[in-house]
Amino acid sequence: MLEGFTLFAKALWGFMTPWVLFDVLWATQLGIIVGMLPGLTATMGVALMTTLTFHMEPSNAVLILVCMYVGAIYGGSRSAILLNIPGTPANAATAVDGHPLARQGMAGRAIGIATTGSFLGSTIGLIMLAFFTPLIGNFALKFKSFEFFWLAIFGIVICGNLTAPKDPLKGWISGFLGLFVATIGMEPYHAYQRFSFGYMDLTGGIHLIPAMVGAFGFTEIITVMKQTRMEVVKGKIDRIFPRMADIAKYWKGIIRSGLVGTFIGAIPGVGEDIAAWTSYDLAKTASKTPEKFGKGSIEGLLVAETGNNSAVAGAMIPVLSLAIPGSAPAAVLLAAMFIHGVRPGPLIMIEFPSFVYQVVAMVLLATTAMFVLGLSMVRPLVKVLAIPREKLMPVVFVLCVIGSYAIQARMFDIGVMVVFGIIGYFMREMDYPIAPMVLGIILGSILDKNLIRSLIISEGYPLYFVESPISMVIAGVTLITFFSRTQWFRALKSKIGSVIRNPVLRSNKPD
Amino acid sequence: MKPENMPKADFVTSIVLMVFGVWVLLHSIQMPRFENLEANPFSVPGIVPGLLGAIIFLLSLVVFLRSLKQKGYRLGISATVIRNFTKDASIQRMLATILVCGVYGLGLIGRINYYLATFLFVLAFLLLFQYRPSQNDPRPVKLIAMSVLQAVLTAGAVGAVFRYLFLVELP
């Protein structure tokens with residue numbers, strides 16, 4: 001613990017140079033702008049920034065990406081409050097109470113509350129990040145191929161389940177499609193080219209960044225441009241600085257949302273939007289005034305923003321400890337770390353122990369910058385929201401094109417970006433979530449290598465796959481998650497429930 | 001998409017996905033097994049994609065059966081429906097976005113000079129979505145001039161930043 005604190009203090013001190021602090025400020029501010037503009041998501045911002053920071057020192061590059069990530073997730077609350085359009089999917093729950101407050105003439109107050117909620121959420125998240133990453137990292141050292149195989153399947157099943165709550169089947173299909181995409185190209189055991197059909201560019205496989213820029217960026221451009229009309233900002237901004245009473249009154253909700261948000265953020269591929277909705281739902285259930293939710297509740301706004309920003313730090317826990325992203329922007333962050341020569345995963349506490357605490361220090365700096373910038377530059381930044389989408393979207397697409405191309409200088413990657421953008425758009429229209437597909441692309445190589453290793457070790461004997469207690473637990477949770485959504489499981493559950501509740505049925509039980 | 005149309009969409013997409021799953025499975029079965037190299041039978045290249053193809057097929061089959069139950073096979077495609085679909089303003093905007101972005105990303109980039117391609121794309125995008133000659137736009141000259149200016153600035157700024165600041169060889 002003390003060693004961890006020393007490493008954290010050293011890392012923080014190392015960042016205390018004017019240039020680094022300048023980087024923190026501009027990257028967080030840019031993140032806020034990216035987040036607040038509908039059509040620019042945190043994922044896209046981090047992906048584009050990865051190409052811009054390609055030639056930088058690794059720690060500086062990752063710091064800028066973390067600032068962009070934290071800033072963008074917070075920045076989305078602005079358009080959610082002022083326009084009722086979440087700047088990023090993570091801020092959908094923010095709009096539910098944030099926009100009614102703005103319509104009641106309390107836009108400034110709502111922005112202040114959202115800023116404070118985001119700051120507190122991030123703070124809780126970073127404490128959890130510092131505490132749990134080394135623990136999970138050390139625990140993951142016990143993982144063998146069976147455990148990693150189950151972890152990949154678990155990621156897809158839980159991500160599909162949570163990102164498509166109404167129809168998890170579509171979430172799972174999306175995830176397995178992503179796993180398939182990852183098998184394209186040269187396989188690791190015999191160097192055989194799968195599904196490349198003699199096309200040279202496909203032998204290297206589909207790369208994550210162009211696929212993600214397309215699936216999140218281009219898809220968003222098509223979705224935004226499709227709408228026949230867009231809202232514009234109306235009304236003035238009142239007092240922004242939050243009242244202490246507003247915050248102190250809901251301290252329980254803040255802590256609960258911070259913890260829940262971090263936990264959900266840490267679940268592979270699930271992300272900040274689900275964290276915000278879960279925090280919001282739990283707060284509504286526990287609230288003394290649930291009737292105010294949806295009509296401009298300070299509590300609702302506060303917990304939604306606490307939940308989504310705590311998930312940012314939460315999503316980094318599996319990135320660092322297992323090399324599995326907790327959310328889509330965290331997936332880009334993971335790819336960027338690999339590009340810069342840092343290898344996150346179970347060995348991180350052995351190979352790069354100081355890096356974990358550097359990331360904690362980065363989140364702290366980004367959170368502080370977000371809080372200061374969030375409260376101080378509201379009025380001038382609101383003008384950015386007045387830029388018409390017709391003028392903004394071509395510039396965004398130009399950035400998507402050059403961003404996809406820049407990392408490997410391959411024309412093929414621009415094609416991948418365009419194709420994934422179109423696929424992503426139609427998937428979204430048909431209610432297939434995109435996040436599981438992207439997670440599948442990331443987890444594909446983990447699944448491929450570890451399934452084959454497991455099959456070779458076990459010689460195809462299935463019980464070997466659940467021999468260790470860790471495998472058994474992950475497999476059990478995965479299967480329960482999967483079967484809990486089937487009709488016969490729900491029927492069985494209600495039958496068991498009725499037997500327990502009904503004393504007549506219980507007394508008729510045979511002895 | 002309207003919720004009432006979802007069973008129809010599910011019916012079509014599930015068929016596409018089932019065919020895709022079977023194609024992946026068959027393609028995986030046909031992959032070499034390297035028996036002449038005495039390779040471990042569990043390390044053959046087709047094993048993982050084959051399993052994934054089978055899973056995609058099975059999950060899509062469930063979606064297909066569910067759509068049948070919801071009468072998704074009644075597609076109700078007629079000339080009027082197609083005409084209304086193509087006349088829908090949002091569909092036209094979606095297709096125009098895909099077309100103009102697709103032409104730039106897949107057609108112009110790499111074939112002509114990057115700055116020129118980007119200039120043409122931005123200009124075409126701005127005019128396509130802003131210029132309405134039929135509505136007697138009172139300021140067409142100003143609109144065109146501003147669009148040209150934005151296109152020049154975007155192409156110049158993005159190209160220069162990536163070429164000279166980030167040292168990327170432009171496509």
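Below, we talk through cysteines, aromatic rings, pockets and domains.

Author: Happy to. Please keep in mind that this is a predicted model.

Reader: What makes A:C400 count as buried?

Author: Its relative accessibility is 0%, and buried means under 20%, so A:C400 falls in that class. B:C101 also has a relative accessible area of 0%, and therefore B:C101 is buried by that cut-off.

Reader: Now the aromatic rings. Why is the pair B:F11 and B:F64 called stacked?

Author: Two values decide that. The ring centres are 5.6 Å apart, and a pair needs them within 6.5 Å, so the two rings qualify as a pair. The planes meet at 25°, and under 30 degrees counts as stacked, so that is the label for B:F11 and B:F64.

Reader: How do you know that this pair links distant parts of the chain?

Author: B:F11 sits in helix α1 (residues 6–29) of chain B, while B:F64 sits in helix α2 (residues 47–69) of chain B. The two are 53 residues apart. Both B:F11 and B:F64 are buried.

Reader: And what makes B:F125 and B:F129 a tilted pair?

Author: Their ring centres lie 4.9 Å apart, with the planes at 45°. Stacked is under 30 degrees and edge-to-face is over 60, so an angle of 45° leaves the pair tilted. Both residues belong to helix α5 (residues 114–130) of chain B, four residues apart, or about one turn of the helix. Both B:F125 and B:F129 are buried.

Reader: On to the pockets. What is the volume of the largest pocket, and which residues lie nearest its centre?

Author: The volume is about 1400 Å³. The lining has 43 residues, with A:P89, A:T163, A:D273, A:R428 and A:P433 nearest the centre. Among the elements that give two or more residues to this lining are α3 (42–52), α7 (145–163) and α20 (411–429) of chain A. By class, the lining divides into 23 nonpolar, 11 polar and nine charged residues.

Reader: How about the second largest pocket: which element supplies the largest share of its lining?

Author: That is α21(A), with eight residues. This pocket holds about 1200 Å³ of space. It is lined by 44 residues, and A:F338, A:I441, A:I442, A:S445 and A:K449 are the closest to its centre. The classes here are 25 nonpolar, 11 polar and eight charged.

Reader: Last one. Where are the domains of chain B, and how far apart are their C-alpha centres?

Author: Domain 1 covers 3–76 and domain 2 covers 84–165. The C-alpha centres of these two domains of chain B lie 39 Å apart.

Definitions and conventions. Residues are numbered from 1 along each chain as its sequence is written. Chains are lettered from A and ligands numbered from 1 in the order in which they are written. This is a predicted model: local features need pLDDT of at least 70, side-chain atom pairs count only at pLDDT 80 or more; totals for chains, interfaces and linings use all residues. Side-chain values use heavy atoms; hydrogens and water are left out. Buried means under 20% relative accessible area, exposed over 50%, partly exposed in between (1.4 Å probe, protein chains only). On a 1 Å grid over the protein atoms alone, a cavity is a set of points where a 1.4 Å probe fits but cannot get out, and a pocket is an open set with protein on both sides within 12 Å along at least five of seven lines; lining residues have an atom within 4 Å of a point. Grid points are joined across faces, edges and corners, and a volume is the space filled by probe spheres set on the points. Ala, Val, Leu, Ile, Met, Phe, Trp, Tyr, Cys and Pro count as nonpolar, Asp, Glu, Lys and Arg as charged, and the others, Gly among them, as polar. Domain bounds come from an automatic or database domain assignment. Rings of Phe, Tyr and Trp (its six-membered ring) pair if their centres lie within 6.5 Å; planes under 30 degrees apart count as stacked, over 60 as edge-to-face and the rest as tilted.
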